[in-house]
Amino acid sequence: MAAGIRLESVRKFFGANEVIKGIDLEIEPGEFVVLVGPSGCGKSTLLNLIAGLETLSSGHVFIGGQKVDTTPPRDRDIAMVFQSYALYPTKTVRQNITFGMETRRIPKAHQDAAVEEFTHLLQIDRFLQRKPGQLSGGQRQRVAMGRALVRNPAVFLFDEPLSNLDAKLRIEMRTEIKKLHQRLGKTAVYVTHDQIEAMTLATRIAVMDNGHIRQVADPATIYENPVDLFVAGFMGSPPMNMIRGRLVRDGGLFFAPLGDRDGVRFPIAAAEAARIGAPDGQEVVLGLRPETIFAAGTELPGPDRFVFERPVAVVEPTGPDTMIVFEIGGQDLIARVRPEDAHPPGTPFRFEVDMGKAKLFDAGTGLRI
Amino acid sequence: MRRRRTSGIVRPSGPGAVMLRGLLFAVLALFCLYYLVPLFVMVATSLKSLEEIRAGSFLSLPREITFDAWGKAWNAACVGVRCDGLEPYVWNSVLMTVPAVAISTILGALNGYALTKWRFPGADIIFALILFGAFIPFQVILLPMARTLGQLGLAGSVPGLILVHTVYGLAFTTLFFRNFFIGVSDGILQAAKVDGAGFFGIFFGIVLPMSLPAIVVTVIWQFTQIWNDFLFGVAFTVGDSNPVTVALNNVVNTSTGVKEYNVDMAAAIIAGLPTLLVYVVAGAYFVRGLSAGAVKG
Ligand SMILES: Nc1ncnc2c1ncn2[C@@H]1O[C@H](COP(=O)(O)OP(=O)(O)O)[C@@H](O)[C@H]1O
Ligand SMILES: [Mg+2]
């Protein structure tokens, strides 16, 4: 069975340094929650608090409805996969996988069955007698996964399990982890600094920054409706374009980029404009995802489109798409166009932007308006 | 031996470089001689008869090899008034060294493990205090230790010597293991804790098997220190409980009769052989441990 997890006002100090600053989070049984955020924001610490590998400074942790604030890791019914894999170097693959069952005195027959099932599933059954040092990075990763899986815990905790793999293997393992989750249906908390991993794996994403959770939501909401500039800027690659400027009320609501002398004014989509009560001249940030800016006329016409012209500054082909960097008022923007639409640098380019997807943020607080 | 990454680096060539290399090898050869000549003299002398020693040169090879001196040193040489050779004292040394090395190594490993992987408030201060023990000149503690041993009823005995060596070895063994364990990833410890192992379960199941290189270094060091110790042996044991180092001194200093250089040399080699043996045997393990156990987790 899967167990839910609840965090209540969880805080963690290392000395005087507050690393987790009061986090509340409710994870339903069977959910795959990804904690994502920049390096050093406290993701591993939060995961360790759930695991019991760090002691709470204050607050409470519940697993499966039980308060586990003072329960040692071994009694929390969890299994964990570490970034460095943390395999036992002097033990064989088989001993690595069975160590947790040995310490729990699980009957030998049961151990053998579990080893057989999961090593077959992970395709490491050929290496059972090898030492970790004789395995490749990808194989070690699988052994670490196997060690967690055989124990059949209520909750899986992952701390950047794929970040030491090369890009191709990372994508492969990502898919396998997702398959495993769909198959086993266990609750999982997964830490990563990679926003693509977060988007692809999560049923819900919690975006962390500096000891706080900024937003918890399903991947689509995080991407389409970020609550603030931090979340907007963290998710997406290339990142969202963020243009500083002012609101202009002039027979409609417009956005005028700061430092722009060509009089480009982005019209705010009607639905959005109706919501916004901010006064004329207020400083705001306009967020435009690169894929919402494309070559004029290349997509089916829609509402809230705005066309403007700018010289191309830099062209960056990526294969399926080409990124075009251009400038508005001294601020660099990136547009994502089809490769065949790209022009060489220096030539004028007609861009079309889907203002229906544009987001407005308060320039002072960074919050969505 | 694996090929080193540095072995392909292009070196300077030309007459200057060749001359420098020649000079380097000449110096190295000189140092080799410096170390090997005394050993040669000892071995050669121990294999000669007394007449040959008196007649011939110190540096000559034995004309006729005889092991008489070795036999006498082992079981007939006079140590003080007792003429049973070094044998009983060698056993004293073994009985003292083996437990002292084992206990101080195990305790040092436990200390190092607790100080690095089960951190507690004040761990650094405790470590600093333990380390301080490595810098205490041993003659300073002779009197207080003699009194302590007396009160414990261990004065003049082999167990007393074991206690002394264990206590004063701890500073070094703790240091060795602490420095080794600091390099062991905490992730492995965390994984073991999630796997359900406790303090001793992790120590014996995971950490100790990983620390073979540290164990070997510590055992070589401790064995050499304790076996070769003279000061504690002479201060804390009497007559029959003397370790071999003290007995050797007594053999060589026995003033009655003629000076038997061959017996003295054989006795000295016997007294020194075990440390050499430990180095050769454990050293081989050490190298093997490095290549087999040096696994990045
Ligand atoms: N054991 C510790 N002692 C002191 N500071 C720590 C400890 N563990 C983590 N920190 C600090 O807490 C912050 C968050 O660390 P961490 O949770 O590892 O971040 P992340 O996993 O998001 O990269 C960092 O600034 C780190 O230096
Ligand atoms: Mg981390």
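How many residues of domain 1 of chain B are in contact with domain 2 of chain B? Keep that in mind; the tour ends there. The model on screen is predicted.

**Stop 1: ligand 1**

Select ligand 1 and show its surroundings. Around ligand 1 you will find A:Phe14, A:Val19 and A:Pro38, then A:Ser39, A:Gly40, A:Cys41, A:Gly42, A:Lys43, A:Ser44 and A:Thr45. Colour this shell by class: four residues are nonpolar, five are polar and one is charged.

Next, show helix α1 of chain A, residues 43–51. This helix gives the shell its largest share, three residues.

Now turn to the backbone. Pick A:Gly40: one of its backbone N or O atoms is 2.7 Å from an oxygen atom of ligand 1. Move to A:Lys43, where a backbone N or O atom lies 2.9 Å from a ligand 1 oxygen atom. At A:Cys41, the distance from a backbone N or O atom to an oxygen atom of ligand 1 is 3.2 Å. Ligand 1 taken alone exposes 560 Å², and the protein buries 58% of that.

**Stop 2: backbone geometry in chain A**

Most residues other than glycine have a negative phi, and most peptide bonds are trans.

Begin with A:Asn152. Look in the loop between α4 (137–149) and β7 (155–159) of chain A. Phi of A:Asn152 is positive, near 50°, and the residue is not a glycine.

Step on to A:Glu160, in the loop that runs between β7 and α5 (167–184) of chain A. Phi is positive here too, near 45°. Is A:Glu160 buried or exposed? A:Glu160 counts as buried because its relative accessibility is 9%, and the cut-off for buried is under 20%.

Then jump to A:Pro238. A:Pro238 sits in the loop between α8 (229–234) and β11 (241–249) of chain A. Display the peptide bond that joins A:Ser237 to A:Pro238: it is cis, with omega at about -5°.

**Stop 3: the domains of chain B**

Switch to chain B. Colour residues 15–66 as domain 1 and residues 87–292 as domain 2. The centres of domain 1 of chain B and domain 2 of chain B are 33 Å apart.

Finally, select the residues where the two domains touch. Here is the reply to the opening question: eight residues of domain 1 of chain B are in contact with nine residues of domain 2 of chain B.

How values were computed:
Residues are numbered from 1 along each chain as its sequence is written. Chains are lettered from A and ligands numbered from 1 in the order in which they are written. This is a predicted model: local features need pLDDT of at least 70, side-chain atom pairs count only at pLDDT 80 or more; totals for chains, interfaces and linings use all residues. Side-chain values use heavy atoms; hydrogens and water are left out. A residue is near a molecule or strand if one of its heavy atoms lies within 4 Å of it. A polar contact is a pair of N or O atoms within 3.5 Å; within protein, one must be able to donate a hydrogen and the other to accept it, and residues adjacent in sequence count only if both atoms are side-chain atoms. Accessible areas come from the Shrake-Rupley method with a 1.4 Å probe; for residues, only the protein chains shown count as cover. Helices (H or I, at least four residues) and strands (E, at least two) are DSSP runs, numbered from the N terminus. Ala, Val, Leu, Ile, Met, Phe, Trp, Tyr, Cys and Pro count as nonpolar, Asp, Glu, Lys and Arg as charged, and the others, Gly among them, as polar. Buried means under 20% relative accessible area, exposed over 50%, partly exposed in between (1.4 Å probe, protein chains only). Domain bounds come from an automatic or database domain assignment. Contact means heavy atoms within 4.5 Å.
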